[in-house]
Amino acid sequence: MTELEFWREQHVKGRIGRRELLGRAAALGASAAAVSGMLASVEAHAAETPRQGGTLRLGLAGGSTTDSLDPGSYTDSVMIDVGHAFYNAMVEWGQDGKPHPEIAESWEVKPGAAEWIFNIRKGVTFSNGKTLDADDVVYSLNMHRGKTKSGAAGAFKAISDVKKLSPNQVQVTLASGDADFAYVLTDYHVLMVPDGWSDWSKAVGTGGYLLEKFEPGVRITGKRNPNYWKTDRAHVDAIDVTVINDSSARLNALMTGQVDAINRVDPKFVRTVQKNPKFEIVRAPGGWHAVISMMHDRPPFDNHDLRMALKYGIDREQIIKALFSGLATAGNDHPIPQTDPYWNSELPQIKYDGDKAKFYLKKSGLTNPPLVLQCSDAAFAGAVDMAQLFQQSAAKAGVRIELKKEPADGFWDNVWLKGPFVTSYWGGRAAATQMLAVAYGPDAPWNESHFKDPKFTELLAAARAETDEAKRKPMIWEMQAILHNDGATIVPVFRDWLDAHNKNVGGHTPHGGFDMNNGWIAEQAWLKS
Amino acid sequence: MRLFGHRVPLTALIGLVIIAVNLITAIGAPWIAPFDQANVVGDAWGDPTSQNLLGLDNLGRDLLSRLIYGARMSIGLAFVITCLSFALGIVTGFAAAVLRGWVDTLLSRIVDLLLSMPTLIFAFIVLSVLGTDLPVLILTIAILDSTKVFRLSRALAMNLAALEYVEVAQVRGEGLWWVIRKEILPNAAAPLIAEFGLRFSFAFLFIAALSFLGLGVQPPNADWGSMVRDYRDMINLDAMAPLYPAGAIAILTIGVNFVVDWMLSIHSHAHGDGA
Amino acid sequence: MLRLIAQRLGLGLLTLFAASVLIFAGTEILPGDLASAVLQNSATPESLAEMRKELGLDRPAAVRYVEWLGHAVEGDLGRSLASHRDVVEEITPRLKNTMFLAVYAAVVAVPLAVVLGLMAAIWQGGIYDRAVNFVTLLTISVPEYLVGYILIKYLSVRLGWFPSLANVTPDTPLLERIGLTFLPMLTLVLVVMAHMMRMTRASVLQIMASPYIEMAFLKGLPKWRVVVRHAFPNALAPIINVIALDLAYLIVGVVVVEAVFVYPGLGQLMVDAVSKHDVPLVQACGLIFAGAFILLNMTADVLAILTNPRLRHPR
């Protein structure tokens with residue numbers, strides 16, 4: 001993505017104003033005509049008003065026959081998109097990157113950021129007629145705490161107590177302060193269900209749509225909830241989700257008009273789609289990043305110079321070009337994406353440098369260290385290809401890496417967190433501190449690189465409890481620098497989310513969090529005719 | 001043209017040439033290929049140039065070189081697997097048909113059992129447990145494949161064993177091995193040879209099917225089946241990439257089967273069929 | 001002969017029983033488990049422990065096997081671990097879809113393959129024989145997904161004759177269903193036909209080499225008559241065998257075709273179940289596939305007994 005496009009996106013999302021965009025564009029040397037053209041297209045988007053009616057047909061990757069309507073069990077696009085259609089969240093992660101009220105009408109943070117009080121919206125009813133109150137919220141939050149199979153269990157470990165203060169007020173107490181806790185509640189697992197509910201063959205929620213047909217891994221349909229409490233959302237009469245996991249089949253379904261919008265367009269087809277005047281690509285740089293993790297405490301990876309040799313030995317630009325057709329951003333060996341307001345912009349970008357790799361390998365004092373990279377496409381589609389490119393670029397610098405392709409089955413069980421040198425990935429998190437804590441925190445169960453640094457630990461705790469933006473920023477910047485300089489994780493790329501739709505679809509806009517409007521497509525998109 | 005005293009028709013000649021070229025390519029891959037199979041020499045899906053005659057692959061490696069190295073891996077694997085599975089399948093199949101009784105029952109039940117497991121799932125479980133080393137891969141596919149050969153050779157031998165001259169030989173006191181070698185094998189050869197030609201090309205595709213489950217040949221080694229898999233999407237962009245390895249498999253299959261057909265016709269001539 | 005057939009049926013049941021043991025054992029030894037396969041990198045030790053407890057993995061395998069088999073005989077295959085839905089309910093519509101596609105493909109492929117094979121045998125060595133041979137070899141050596149992609153590209157995207165998605169629902173009317181599944185059917189036919197056709201041809205030619213066929217020729221019968229009336233009936237056993245195997249493939253092996261055409265069949269369900277270690281689903285699919293195979297196999301054997309004049313009249 002060019003820098004100009006980047007600022008344009010920032011403007012679309014409301015992060016920078018029109019004046020700032022013009023200034024940035026001028027600074028980049030864009031012609032006046034180009035700038036005004038760009039502004040016109042931005043404003044045309046903004047001026048579109050949603051139209052009611054029609055059936056929105058989505059062709060989505062990321063569905064399985066083992067999917068369930070239980071919000072805690074969601075792992076991939078189909079259920080995330082469908083979940084946000086049938087249920088509401090406490091807090092919405094807006095397109096401007098900030099938390100917005102949904103079921104939580106407003107909230108209040110006590111100093112130290114360990115106590116949070118949420119005011120629950122009144123007059124919201126579930127699809128079974130029950131009125132939502134604090135009890136439902138307490139139950140819905142507790143679903144992810146303690147003995148549970150929920151995917152949000154890790155993030156919710158920080159909660160020490162959830163308490164009902166009044167029928168419309170809930171207090172959440174954290175074990176230690178977290179100024180970004182509102183972001184934790186934007187987690188796609190955390191959706192509101194009625195108190196005591198456990199029959200997941202039905203979807204009883206407060207969302208914009210009512211479940212009609214649920215055939216997991218095949219097709220899921222819903223019709224508009226006539227009593228929906230939001231008046232400016234959920235525009236179409238019905239949604240019809242077809243699960244299409246094969247990427248060619250998905251694209252062909254869009255091209256032949258069998259669906260209106262698809263997610264995860266293969267980067268190599270993006271140009272073909274763009275050339276066709278009937279279709280549009282929705283591109284969102286975001287927090288999803290590929291990872292090659294070493295174990296910081298395991299020889300030979302406990303050797304700082306060897307780690308540097310490997311960091312200089314991977315050709316990020318080549319990976320971006322070959323695997324992502326250029327639709328990705330180079331990583332800087334820390335997990336914070338450029339789209340995050342806390343991204344450290346002063347850290348020099350690490351690039352492939354054969355000489356430096358050679359230099360550091362020599363300095364490490366190791367001759368032919370055993371470097372066996374365990375890779376699998378179970379980590380992410382393309383992980384094995386990425387490993388092969390890494391092997392080649394490192395070999396050019398004299399660093400010999402052996403590849404071991406692991407069976408997809410059991411990868412997360414037997415390889416990840418067990419092997420000292422593995423491919424993996426991280427989905428982005430809404431808040432920078434959240435991302436740093438989950439993968440590099442001192443007691444994070446998923447600290448795959450066994451990273452432990454007293455300074456980092458101290459900064460993380462301080463930054464989380466700090467509510468003053470000006471004081472937090474230098475702390476988060478320093479944590480990125482520590483990981484960049486000493487971390488045992490190579491972050492080669494941040495991948496863009498790539499969706500596509502035919503031009504009859506409106507309101508399908510980029511979001512850095514996830515594909516399809518961060519999973520909110522059903523309630524945000526509309527059909528123009 | 002004549003070979004071993006038989007006239008060689010044009011198709012058989014083409015078949016022989018195809019097989020010879022493939023074998024030479026497979027054996028001489030390191031000397032023939034212009035680049036190493038793992039070397040990244042340019043951008044992904046680079047266009048054909050005078051240096052990279054077929055262009056580059058999904059990671060920017062020379063496609064022609066991958067194809068040449070792929071011949072080595074694919075033909076080698078397919079040949080070993082098919083030979084193993086035929087040796088295993090024919091011996092057990094004939095033994096079952098000739099010996100009958102509990103041997104037949106036991107072998108048939110075991111084979112039925114193996115066959116009744118969905119192949120991919122079975123291979124998946126075995127390879128997940130035993131690992132994906134090359135010998136394990138070869139043995140697993142060979143055993144799975146041999147069940148199909150077993151059924152065919154048993155069915156063929158059953159028909160033959162019911163014929164008088166085989167029964168006569170058994171009554172005469174000839175041993176099992178003699179009966180199989182002298183009476184059954186020559187008479188069952190034709191369908192078996194035909195099956196060999198087909199099974200051979202299935203082996204390519206099966207290896208590729210395994211790579212679908214994250215099993216199979218280790219990177220960066222190339223094999224034709226997996227190349228077709230990796231490049232298949234490019235069909236949508238009117239690219240030729242997936243058609244090269246697919247074509248290579250098809251040409252070799254056709255070559256092998258041309259020769260097989262020729263052997264069939266020699267066989268039926270030898271047995272006095274005037275057709 | 002009846003005894004022979006009865007024996008065969010009994011053995012079939014025994015095989016099915018053995019298969020159930022093997023399936024159960026197979027699902028036991030699969031590395032990894034549902035909990036971590038589902039949760040991927042968002043699994044915590046607590047969430048893993050909770051999920052494992054739900055699987056009842058704390059009890060001995062033999063006990064669980066007997067329980068499972070007992071319920072299976074009563075038609076209760078348990079509940080899916082991942083979706084908590086009844087396995088039978090989950091499988092039934094998909095099994096119907098799988099059977100529909102298999103039958104659709106078989107109805108087209110079997111007669112076509114046998115007729116083409118016989119014609120090739122009659123005109124052995126002629127232009128027709130060679131052309132058919134060549135084309136079928138071509139289709140057999142191209143993987144099914146590539147065949148599918150090519151068919152979609154030309155017949156669907158370019159020409160718009162058929163839809164690229166075969167996403168049928170239980171209430172799709174038959175005629176529409178036939179249209180929707182035309183491309184997957186065609187793909188499967190192309191894949192299995194070559195094998196059946198070539199075996200038909202080879203088996204018939206094999207019989208043609210035997211002395212009694214020469215007798216028929218000496219009687220002055222035309223070649224097509226010899227092939228159809230004398231050679232073909234005697235070559236039936238191996239042909240039936242190959243057809244049975246290919247039919248089993250149509251039921252069990254169409255995972256890839258299902259994925260390409262987004263057809264909701266049993267194969268995709270099983271692959272999902274295996275990759276997520278949804279044990280009850282894997283076991284149920286395994287049983288159904290094993291049952292289907294054993295049934296086809298048994299039919300082939302019984303037919304072989306019925307068509308072999310010598311086995312029909314054992315001395």
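Predicted model: local features only at pLDDT ≥ 70, side-chain atom pairs only at ≥ 80, totals over all residues.
Chain A is built from 19 helices and 20 strands. Its C-alpha atoms occupy a box of roughly 70 × 55 × 50 Å when the box is taken along the principal axes. Among the contacts in chain A that link residues at least 6 apart in sequence, 71% join residues at least 24 apart.

Chain A meets chain B through a contact to which chain A contributes 23 residues and chain B contributes 21 residues. On the chain A side, at least two residues each are supplied by helix H8 (247-255), helix H11 (316-324), helix H13 (383-396) and strand S15 (402-405) of chain A. Of the elements on this side, H13(A) gives the most, with six residues. In terms of residue class, the side of chain A that touches chain B comprises nine nonpolar, eight polar and six charged residues.

Chain B also touches chain C, and here 45 residues of chain B are in contact with 51 residues of chain C. The elements that give two or more residues to the chain B side of this contact are helix H3 (101-116), helix H4 (119-130), helix H5 (134-161), helix H7 (176-211) and helix H9 (243-270) of chain B. The most is given by H9(B), which provides eight residues to the side of chain B that touches chain C. When the residues of that side are divided by class, 28 are nonpolar, 11 are polar and six are charged.

Two packed helices are described by the angle between their axes together with the distance between the axes. For helix H5 (residues 87-122) of chain C and helix H9 (residues 182-208) of chain C, the axes come within 7 Å and cross at roughly 35 degrees. The crossing of H5(C) and H9(C) is right-handed, and the contact of H5(C) with H9(C) has, by class, 23 nonpolar, two polar and one charged residues.

Note on methods
Residues numbered from 1 in each chain as written. Chains lettered and ligands numbered in written order. Contact = placed C-beta atoms within 7 Å. Helix = DSSP H or I, 4+ residues; strand = E, 2+ residues; numbered from the N terminus. Nonpolar A, V, L, I, M, F, W, Y, C, P; charged D, E, K, R; others polar. Axes fitted to C-alpha atoms, helices over the stretch in contact; angles between N-to-C directions. Left-handed = near helix turned anticlockwise from the far one by under 90°.
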